[in-house]
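Colleague: I have a bit of time to go through this fold with you. Could you walk me through it, one piece after another?

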Amino acid sequence: EPQEGDQICDPACGSGSLLMKCGRKVRENFNGSKKYALFGQEAIGSTWALAKMNMFLHGEDNHRIEWGDTIRHPMLLDKDSKSLLHFDIVTANPPFSLDKWGHEGAESDEFGRFRRGVPPKSKGDYAFISHMIETLKPATGRMGIVVPHGALFRASSEGKIRQQLIEENLLDTVIGLPEKLFFGTGIPAAILLFKKNKLDDNVLFIDASREFKSGKNQNQLTLDNIKKIISTYKTRKTTDKYSYLATVDEIAKNEFNLNIPRYVDTFEEEAEIDLMAVRTERLQLQSELKALEVEMEGYLKELGYGA
């Protein structure tokens, strides 16, 4: 829900489509207002150039898109280049479990982004999460990131970072999505929503993984699917087989594991089997089989296979 005057950032912005969607939301909700600013960083030069071109083509005049590796060399810095810029909204769909994300320099990061712990060398999900958290404004900062499900439950250093984020009351909502939803990967993903200024210390879990429009190569969330997710998010209530509002104590009892089935029970009971009906059907089938065997024996005798 981007607001008028918001500063919005995507630290893995690609061609800039997510940033432009946020800008469009402000214009739609505030009578065409362009009182907002878009910020992004992209590591691949050709994609960065595409993002810049997209901004100009779509009339996004108030933007700043930098070229560089967000984790190794964050470019969105203040005037003296000594501290990270802070934003009202930070949102991204970074590469899943990025290998070689910059582990070698994380321990001595000059911006202190990895004070909760250094993510594993071969999985950069929490590198992006840690960076994004540190760029949120203290009062208004809110954040959404798309992650693979492994980021919800993997232990070791990721588990320790996840625990601290929850104990600091930053995690707001976990939304499970269907498989084959994103280009380039068939695995199901999740959205993690964080807020700097939460009204309570609960975490909402939404299992939206089973409601989608099926496609041959790619699945889609329909408008109704999306409306249901948003409505559930806003009411923040437990819904049978769809959502659950968990306390920090409940999450702690699960050892800070955020795997959605631990909180949202989607188990469907199978219909009871009528054993007497099954017995009756079995006896009838046995009778039919005997009659067929007698008939088959007659055909075989006619063909000379009797004896």
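Colleague: Which residues of α1 are buried?

Modeller: This is a predicted model, and in it the buried residues of α1 are Leu19, Met20, Cys22, Gly23 and Val26. They cover an arc of only 155 degrees around the axis, which puts them on the same side of α1.

Colleague: How far apart are the end C-alpha atoms of α1?

Modeller: They are 18 Å apart, and this agrees with expectation, because the 13 residues of the helix (residues 17–29), taken at 1.5 Å a residue, should span 18 Å. Just after α1 comes Asn31, which takes a positive phi of about 50 degrees.

Colleague: Switching to the sheet, what is the strand order?

Modeller: The sheet is open, has nine strands with mixed pairing, and runs in the order β3-β2-β1-β4-β5-β7-β6-β8-β9. The edges are taken by β3 (63–67) and β9 (243–246), each of which has a single partner strand, so one side of each is left without a neighbour in the sheet. On average, and with direction ignored, neighbouring strands are turned by 15 degrees against each other.

Colleague: How do β5 and β7 pair?

Modeller: Strand β5 (residues 142–148) and strand β7 (residues 189–195) pair in the antiparallel sense, over seven bridges. Arg142 stands opposite Lys195 in β7, while the bridge partner of Val147 in that strand is Ala190.

Colleague: Which helices pack on the sheet, and at what angles?

Modeller: Helix α2 (residues 45–57) packs on the sheet and touches β2 (37–42) and β3, with its direction making about 170 degrees with that of β3. Helix α4 (residues 125–133) also packs on the sheet, where it touches β4 (89–92), β5 and β7, and its direction makes about 180 degrees with that of β5.

Colleague: Back to β5, how many bridges join it to β4?

Modeller: Four bridges join β4 to β5, and these two strands run parallel. Ala92 stands opposite Ile145 in β5.

Colleague: How many residues of β5 are buried?

Modeller: Seven of its seven residues are buried, and both faces of the strand are covered, with Arg142, Gly144, Val146 and Pro148 on one side and Met143, Ile145 and Val147 on the other.

Colleague: What about the largest nonpolar core, which residues have the most contacts inside it?

Modeller: That core has 43 residues, and those with the most contacts inside it are Ile129, Ile145, Val174, Leu192, Phe194, Phe205 and Ile251. Helix α4 gives the most to this core, with six residues. Setting aside residues up to four places away in sequence, Ile129 touches Met143, Ile145, Val147, Leu165, Leu192 and Phe194. Apart from this core lies another one, of 12 residues, among them Met20, Val26, Leu38 and Ile89.

Colleague: Now α6, which of its residues are buried?

Modeller: The buried residues of α6 are Ser157, Glu158, Gly159, Ile161, Arg162, Leu165 and Ile166. They pack against α4, α5 (150–153), β6 (171–176), β7 and α8 (248–253). After α6 comes Asn169, whose phi is positive, near 60 degrees.

Colleague: One more helix residue: is Thr232 buried or exposed?

Modeller: Thr232, which has its place in helix α7 (residues 223–235), has a relative accessible area of 7%, and since buried means under 20%, it counts as buried. Not counting residues up to four places away in sequence, Thr232 touches Leu204, Ile206, Lys237, Thr239, Tyr242 and Ser243.

Colleague: And where is Lys180?

Modeller: Lys180 is in the loop between β6 and β7, and at 27% relative accessibility it counts as partly exposed. Leaving aside its neighbours within four places in sequence, Lys180 is in contact with Thr185, Gly186, Ile187, Gly215, Lys216, Asn217, Gln218 and Asn219.

Technical notes. Residues are numbered from 1 along each chain as its sequence is written. This is a predicted model: local features need pLDDT of at least 70, side-chain atom pairs count only at pLDDT 80 or more; totals for chains, interfaces and linings use all residues. Side-chain values use heavy atoms; hydrogens and water are left out. Two strands pair if DSSP finds at least two bridges between them. Axes are lines fitted to C-alpha atoms, for helices over the stretch in contact, and angles run from 0 to 180 degrees between N-to-C directions. Contact means heavy atoms within 4.5 Å. The expected span of a helix is 1.5 Å times one less than its number of residues. Buried means under 20% relative accessible area, exposed over 50%, partly exposed in between (1.4 Å probe, protein chains only). The arc is that of the directions from the helix axis to the C-beta atoms. A nonpolar core is a set of buried Ala, Val, Leu, Ile, Met, Phe, Trp, Tyr and Cys residues joined through side-chain atoms within 4.5 Å.
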